[in-house]
Amino acid sequence: MTATATSARSDLSELGRSETALRTFLHGLPGVDQVGAEQRAAQLGTRSIKTTAKAQAIDLAIGMVDLTTLEGADTPGKVRALAAKALRPDPADPSCPHVGAVCVYPSMVPHVAEVLRGSAVHLASVATSFPSGQAPLEIKLADTRAAVEAGADEIDMVINRGAFLAGRYSEVYDEIVATKQACRDAHLKVILETGELATYDNVRRASWLAMLAGGDFIKTSTGKVPVAATLPVTLVMLEAVRDFRAATGRQVGVKPAGGIRTTKDAIKYLVMVNETVGPDWLHPDWFRFGASSLLNDLLMQRTKLTTGVYAGPDYFTLD
Amino acid sequence: MSERVAVRKTYKLFVGGKFPRSESGRSYLVQDSNVSLASRKDARDAVLAARAAVKGWAGATAYNRGQILYRVAEMLEGRREQFVALGVPADEVDAATDRWVWYAGWSDKLPQVYGGSNPVAGPYFNLSAPEPTGVVAVVAPETPALLGLVSVIAPAIVTGNTVVVAASPTAPLAAVTLAEVLATSDVPGGVVNILTGRLSETVPTLAAHMDVNAIDLTGVTDPELAADLEVRAAENLKRVLRPVPVDHDWLADPGLGRMTALLETKTVWHPKGV
């Protein structure tokens, strides 16, 4: 048993060496039952989470938020304000937990680092020519190194979708491996941009590819294309990380990003995590929400639970 | 040939331009019809819909709002018989229709009457303009079923507010039928939201809701409930309209009070050229 597992493990680590082996492995993954996945995701979304369980879910979800701003119009002042909010999301209630991380562009990392220094809030930076990923490898790696040197301890990279869709898996693999090296100690989140991958089968392949290449997290989307995170896509990815841990013993995190705006949505994801991969993943180290407006809705729901009165958006900061 | 089975109507809520059942699934019987019994979550959903509609409605030109309100009167006239069949006296329907027209006319006139330039000691143009306060929760009077309802909705929305109305618990059929009129007269979804059911369930939620800007307690008859609602409303300094006596004459000239009570004044100082 142990011998088989070990040999399976070494087999998997060998895959990256040849295009053929990689292709054979990825195309040998079982296909995703599209109707089944969508139905399962929809069914898990109907669970009713109330009172104390809801309060717990909201606090957990706040801790899982990667508070994100990725706009061309970001300024040092704006990201500093965002970082301050990450530390104390609800200034009126000190018992409110801090968020998981702040996620910004590399040029904004130093400004955020100033505010977050000494806190438990992580500092994530997108890199590798986010969001398109269409730049020469050297530039992507320089982008990554710059972000890490500026103080980012998590890097959100985008995969080369053009190469992936063209079937050049080794190229994608090698880029992830190279980026992982450029990250040094920083955690690497690999953005699959599932909205551009077209099929669930591709999502499953890309998930495995990212994990085989050493990604610490797999993330659904950049938030810059019309189709962002959906429940079925996240389900497929959760199944992938579950199977990957069973095969290799290494646990990989999942981060749905984009389009998650309400507490209700967030709780649906948490239910799905619990039901698909179990409580091991119900922790900010293993599951994150890439979002900006979600946090305010979580805070409003939290305020409703603590005060008994429905809160209004006027009482929470915009960014 | 078998006898035709009549199609019976369920009187549902009116939220965001749609007619949903209560999320609680409950209903109660009024005049032998099923009427939705709204819960506090329905009240929350209605406030969300009303808030979402504020931007478009307050941003519409006064002329446009007036036209839409006039259109409501046209639709109401066409449904006269339906209201009569529900037990609303014909002359009350006429009075209600006339009241829509009367308020419709005020949409582009109120800013002239209630706003204007202020004399100031300095080289400035100083102008005050009334603006809508935002989302208004309204407790409709118990009676008259239609005229009372129209007399509290029209003055709130003509200036650009959006409303969440708790309809009279004993006479909700006229309210839901009015919702059908509103749904077919170009009033954007969410501008008027109507909840049917017990006041004690929905109104305290509305009074305490931090995203409601004003509350009109017209139809509250229990003084204790009214006092409690005022206390809840104080949390975010809502504007409050106190209950009116049950023997109030709704046919009398309503005056401007109901419109002006739900406005905020914006004053602009503009330097005069020298």
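Predicted model: local features only at pLDDT ≥ 70, side-chain atom pairs only at ≥ 80, totals over all residues.
**Exercise 1. Overall form of chain A**

Task: Determine how many helices and strands chain A has, and whether its radius of gyration agrees or disagrees with that of a compact globule.

Solution. 
Step 1. Chain A contains 13 helices and eight strands.
Step 2. For 319 residues, a compact globule would have a radius of gyration near 20 Å. The value for chain A is 19 Å, which agrees.
Step 3. Along the principal axes, the C-alpha atoms of chain A fill a box of roughly 60 × 40 × 35 Å.
Step 4. Buried residues make up 48% of the 319 residues of chain A.
Step 5. Consider the contacts in chain A with a separation of 6 or more: 74% of them involve residues 24 or more positions apart.

**Exercise 2. Overall form of chain B**

Task: Carry out the corresponding description for chain B, and state what percentage of its residues count as buried.

Solution. 
Step 1. The secondary structure of chain B consists of 10 helices and 11 strands.
Step 2. A compact globule of 274 residues would have a radius of gyration near 19 Å, and chain B, with 19 Å, agrees.
Step 3. The box filled by the C-alpha atoms of chain B, taken along the principal axes, is roughly 90 × 40 × 35 Å.
Step 4. Of the 274 residues in chain B, 46% count as buried.
Step 5. Among contacts in chain B with a separation of 6 or more, 77% are between residues 24 or more positions apart.

**Exercise 3. An open sheet in chain B**

Task: Give the order of the three strands in the open sheet of chain B, and explain why S4 and S11 of chain B stand at the edges.

Solution. 
Step 1. The order is S4-S5-S11 (chain B), and the pairing is antiparallel.
Step 2. Strand S4 (116-117) and strand S11 (263-271) of chain B each have a single partner strand, so one side of each is left without a neighbour in the sheet.
Step 3. Strand S5 (residues 124-132) of chain B is joined to S11(B) by nine bridges. In this pairing, Ala129(B) stands opposite Lys266(B).

**Exercise 4. A helix pair in chain A**

Task: Describe how helices H5 and H6 of chain A cross, and list the residues that make the contact.

Solution. 
Step 1. The axes of H5 (residues 76-87) and H6 (residues 109-116) of chain A come within 9 Å and cross at roughly 35°. The crossing of H5(A) and H6(A) is right-handed.
Step 2. H5(A) contributes Pro76(A), Val79(A), Arg80(A), Ala83(A) and Ala84(A) to the contact, and H6(A) contributes His111(A), Val112(A), Val115(A) and Leu116(A).
Step 3. By class, the contact of H5(A) with H6(A) comprises seven nonpolar, one polar and one charged residues.

**Exercise 5. A loop residue and the interface**

Task: Classify Val244(B) as buried, partly exposed or exposed, and state how many residues of chain A are in contact with chain B.

Solution. 
Step 1. Val244(B) is located in the loop between strand S10 (239-241) and helix H10 (257-260) of chain B.
Step 2. Val244(B) has 19 other C-beta atoms within 10 Å. A buried residue requires 20 or more, and an exposed one has 12 or fewer. Val244(B) is therefore partly exposed.
Step 3. The C-alpha atoms of Val244(B) and Pro141(B) are separated by 8.5 Å, although these residues are 103 residues apart along the chain.
Step 4. At the interface, seven residues of chain A are in contact with seven residues of chain B. On the side of chain A, these residues divide into five nonpolar, one polar and one charged.

How values were computed: Residues numbered from 1 in each chain as written. Chains lettered and ligands numbered in written order. Helix = DSSP H or I, 4+ residues; strand = E, 2+ residues; numbered from the N terminus. Rg over C-alpha atoms; globule rule 2.2 N^0.38 Å. Contact = placed C-beta atoms within 7 Å. Pairing = 2+ DSSP bridges. Nonpolar A, V, L, I, M, F, W, Y, C, P; charged D, E, K, R; others polar. Axes fitted to C-alpha atoms, helices over the stretch in contact; angles between N-to-C directions. Left-handed = near helix turned anticlockwise from the far one by under 90°.
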